[in-house]
2 protein chains.
Amino acid sequence: MFQGEFSNNMDEKGRVSIPAPFRDTLRTHHTDGQLFITRSHNTDCLIAYPTREWKRLQAAVKEMPAKLRPHFKRAVITPSQLFSPDKQGRILLACALRQHASLSRSVHFAGTGETFEIWDKASWDKQLVTDLAALQDFELDM
Amino acid sequence: MFQGEFSNNMDEKGRVSIPAPFRDTLRTHHTDGQLFITRSHNTDCLIAYPTREWKRLQAAVKEMPAKLRPHFKRAVITPSQLFSPDKQGRILLACALRQHASLSRSVHFAGTGETFEIWDKASWDKQLVTDLAALQDFELDM
DNA sequence: GGTAAATTCCCCACGATTCCCCACTAAATC
DNA sequence: GATTTAGTGGGGAATCGTGGGGAATTTACC
C-alpha cells in the first residue's frame with residue numbers, strides 16, 4: 001500500500017527521488033520493482049502504477065466506452081514511461097510528463113493505495129483548498 | 001513494445017532519427033529490423049509497422065468488408081514504404097508520406113504497443129488537447 | 001547519348017543529454 | 001554520540017540527436 005504524502009526536490013538535471021516508503025512497498029509487494037508513470041486523464045498530476053496495477057489499467061481500457069478509448073490511449077497509455085529507479089532511488093521524467101503536471105522544483109508524492117500520484121507542490125496545495133471547500137457542508141455518517 | 005513519446009527534428013535533407021528506445025525494441029524483438037511506414041487511414045499521422053505486424057495488417061485487409069477493401073488498399077497499402085534505418089538510426093520519408101502527416105521540422109513519435117505513430121508535433125499537441133477535453137468528465141473504475 | 005544538376009546514401013564529427021557511480025549532509029535510529 | 005539511512009549534488013563516461021561533407025546514384029535537360 002502506498003500511503004502518506006512526501007515532498008522531494010527535483011535537481012537541475014530533472015531527477016527526483018521516489019520517497020523511501022514508496023520504494024519499500026514497491027520492493028516488498030511488487031516483485032519486479034518496476035513503475036509505469038503516466039498522465040492522469042482528468043487532473044494535473046502524474047500517476048505511478050506498479051506492473052500489476054498497470055495491467056489492470058490496460059484491462060480497464062478494454063472495458064471503457066469505445067468512443068473514449070482512442071482518446072485515452074493517446075493521452076494516457078502512449079505517454080507512459082517505464083522506470084526502475086536507479087541506485088539512489090531516483091527517476092528522470094520525460095519532458096512531456098513533466099509539463100503535464102507543471103512540475104518545477106518541489107515535487108509532491110501522494111499515496112493512493114495501489115498507486116501513487118506525482119504533483120507539483122503548488123498545484124497540490126491549490127487542489128487541496130478546492131477539496132476542502134467542496135467538503136465544507138458535508139457530514140459524514142458512519 | 002513501443003511505448004513513450006519522443007520528439008526529434010527533421011533536418012534539411014528530410015532525415016529524422018527514430019528514437020533510440022524504438023530502435024532497441026526493433027532490434028531485439030523484430031529480427032529483420034525493417035519498418036513499413038504508411039498513412040493512418042483515420043488520423044493525420046503515419047504508422048510504422050515492423051514486418052510481423054505488417055503481415056498481420058495484410059491479413060486483416062483480407063478479412064475486412066469487401067466494400068472497403070479497395071479503398072483501404074489504395075489509401076494505406078499502396079503508399080507504404082519499407083525502411084531499414086541507416087547507421088545513425090535515421091530514415092528519409094518520401095514526400096507523399098511527409099505531406100499526409102504535414103510533417104515539418106518537429107516530428108513526434110508515439111509508441112502504441114506493437115506499432116508506433118509519427119506525428120507532426122503541432123498536430124499531436126492539438127490532438128492531445130482534444131483528447132484531454134474528451135476525458136474531462138470520465139471516471140475510470142478499476 | 002552525354003552532360004549537368006539534384007538527390008540519396010554513407011561516413012565522420014560535434015554538442016547535449018543521459019546514465020552510472022561516488023560523495024556529502026542532514027535526519028533518524030540505536 | 002556513533003551508525004545507518006534518506007535526500008541531494010556533482011563528475012565522468014557513454015549514448016543520442018543532429019549537422020555537414022563527399023561519393024554514388026538517379027533525374028533532368030540539352
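Biologist: Is Ser102(A) buried, partly exposed or exposed?

Modeller: This is a predicted model, and in it Ser102(A) sits in the loop between helix H4 (95–100) and strand E7 (106–111) of chain A. Buried requires under 20% relative accessible area and exposed requires over 50%. Because its relative accessibility is 42%, Ser102(A) counts as partly exposed.

Biologist: What is the phi of Ser102(B) near?

Modeller: Ser102(B) belongs to the loop between helix H4 (95–100) and strand E7 (106–111) of chain B, where, at 43% relative accessibility, it counts as partly exposed. Its phi is a positive value in a residue other than glycine, and that value is near 45°.

Biologist: How many aromatic pairs are there over all chains?

Modeller: Two rings pair if their centres lie within 6.5 Å. By this rule, the count over all chains comes to 17 aromatic pairs.

Biologist: Do Phe2(B) and Phe22(B) form a pair that is edge-to-face, or one that is stacked, and how many residues apart in sequence are the parts that the pair ties together?

Modeller: The centres of Phe2(B) and Phe22(B) are 5.4 Å apart and the planes are at 80°, and since planes over 60 degrees apart count as edge-to-face, this pair is edge-to-face. Both residues are buried. Phe2(B) lies in the segment before strand E1 (5–9) of chain B and Phe22(B) in helix H1 (residues 20–29) of chain B, so the parts tied together are apart in sequence by 20 residues.

Biologist: Which residues of chain A do ring pairs link into a cluster?

Modeller: Rings of Phe, Tyr and Trp can pair. Here the ring pairs link into a cluster Phe2(A), Phe6(A), Phe22(A), Phe109(A) and Phe116(A).

Note on methods
Residues are numbered from 1 along each chain as its sequence is written. Chains are lettered from A and ligands numbered from 1 in the order in which they are written. This is a predicted model: local features need pLDDT of at least 70, side-chain atom pairs count only at pLDDT 80 or more; totals for chains, interfaces and linings use all residues. Side-chain values use heavy atoms; hydrogens and water are left out. Helices (H or I, at least four residues) and strands (E, at least two) are DSSP runs, numbered from the N terminus. Buried means under 20% relative accessible area, exposed over 50%, partly exposed in between (1.4 Å probe, protein chains only). Rings of Phe, Tyr and Trp (its six-membered ring) pair if their centres lie within 6.5 Å; planes under 30 degrees apart count as stacked, over 60 as edge-to-face and the rest as tilted.
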